[in-house]
Amino acid sequence: MKKQVILNQIASAGVIAVVRGESKEAAIKAANALVLGGIVGLEITYTVPDASQAISELRVAYQDYDDIVIGAGTVLDAITARLAIMSGATFIVSPTFDQATAEICNLYQIPYLPGCMTITEMKTALKAGVDIIKLFPGNVYDPSIISSFKAPLPQLNIMPTGGVSVANLADWFKAGVIAVGAGGNLLAPATSGDYAGVTAMAKQYAEKYAEISQQ
């Protein structure tokens with residue numbers, strides 16, 4: 001049941017923040033700012049130095065919060081996936097599909113969200129036990145593409161990542177996605193150390209998602 005619980009947390013979070021940073025400390029500050037603004041889905045990318053430590057520290061900090069789900073992103077291989085899982089990551093996100101990573105995630109009952117662009121890639125991922133497909137890069141598509149993917153594969157759960165903004169958030173969910181990944185637009189203030197700005201942006205996303213969820 002562990003995997004299903006995590007999948008439910010991801011779906012409930014709705015917006016998964018793609019957290020990058022020039023240091024572990026910067027990533028943690030950004031993550032804390034996001035939570036303060038109401039974003040409870042955190043994807044700590046392995047472009048962050050000492051990403052495993054950042055994940056571990058955040059898991060400890062939010063261990064009493066059942067709604068906060070913390071995973072690892074930009075995971076390129078099974079070795080990194082296992083390191084992330086051992087550090088406390090409860091989901092693994094990759095820019096591409098990797099069979100070995102899918103297998104290690106299945107072994108530990110951890111959801112694997114690989115980046116796919118074509119129906120062929122999505123079919124391959126589904127056969128490997130993937131529950132949520134990361135549509136990446138999402139900014140090359142219009143939300144209307146979701147119905148085209150779901151026509152032959154109605155069982156698809158899709159999370160677009162790339163180009164997701166407050167302005168198009170409703171369009172993606174109306175199209176039928178299970179969640180969205182938000183990075184550049186949501187975390188833009190963090191690049192200049194403006195973590196209050198990150199919290200303000202997070203509030204905009206959280207409030208918009210709450211509005212969408214009530215419809």
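Helices (H or I, at least four residues) and strands (E, at least two) are DSSP runs, numbered from the N terminus. This is a predicted model, in which local features need pLDDT of at least 70 and side-chain atom pairs count only at pLDDT 80 or more, while totals for chains, interfaces and linings use all residues. Residues are numbered from 1 along each chain as its sequence is written, and side-chain values use heavy atoms, with hydrogens and water left out.

**Helix H2**

H2 has 13 residues and spans 18 Å between its first and last C-alpha, close to the expected 18 Å (1.5 Å times one less than the number of residues). Gly38, with a positive phi near 105°, follows H2.

**Pockets and cavity**

On a 1 Å grid over the protein atoms alone, a cavity is a set of points where a 1.4 Å probe fits but cannot get out; a pocket is an open set with protein on both sides within 12 Å along at least five of seven lines; lining residues have an atom within 4 Å of a point. Points are joined across faces, edges and corners, and a volume is the space filled by probe spheres set on them. Ala, Val, Leu, Ile, Met, Phe, Trp, Tyr, Cys and Pro count as nonpolar, Asp, Glu, Lys and Arg as charged, and the others, Gly among them, as polar.

| Space | Volume | Lining by class |
|---|---|---|
| Largest pocket | about 490 Å³ | 12 nonpolar, 10 polar, 4 charged residues |
| Second largest pocket | about 160 Å³ | 6 nonpolar, 3 polar, 2 charged residues |
| Largest cavity | about 30 Å³ | 7 nonpolar, 2 polar, 1 charged residues |

The largest pocket has about 490 Å³ of space. Of its 26 lining residues, Val18, Val19, Arg20, Gly21 and Leu187 are the closest to its centre. At least two lining residues each come from strand S1 (15–19), helix H2 (24–36), strand S8 (180–182) and helix H9 (184–187); H9 gives the most, with 3 residues.

Around the second largest pocket, helix H3 (51–61) and strand S3 (69–73) each supply at least two lining residues. The lining includes Gln9, Leu58, Arg59 and Thr90.

The count comes to 1 cavity of 30 Å³ or more. Helix H5 (residues 99–107) provides the largest share of the lining of the largest cavity, 3 residues. Among the residues that line this cavity are Lys3, Cys105, Tyr112 and Val130.
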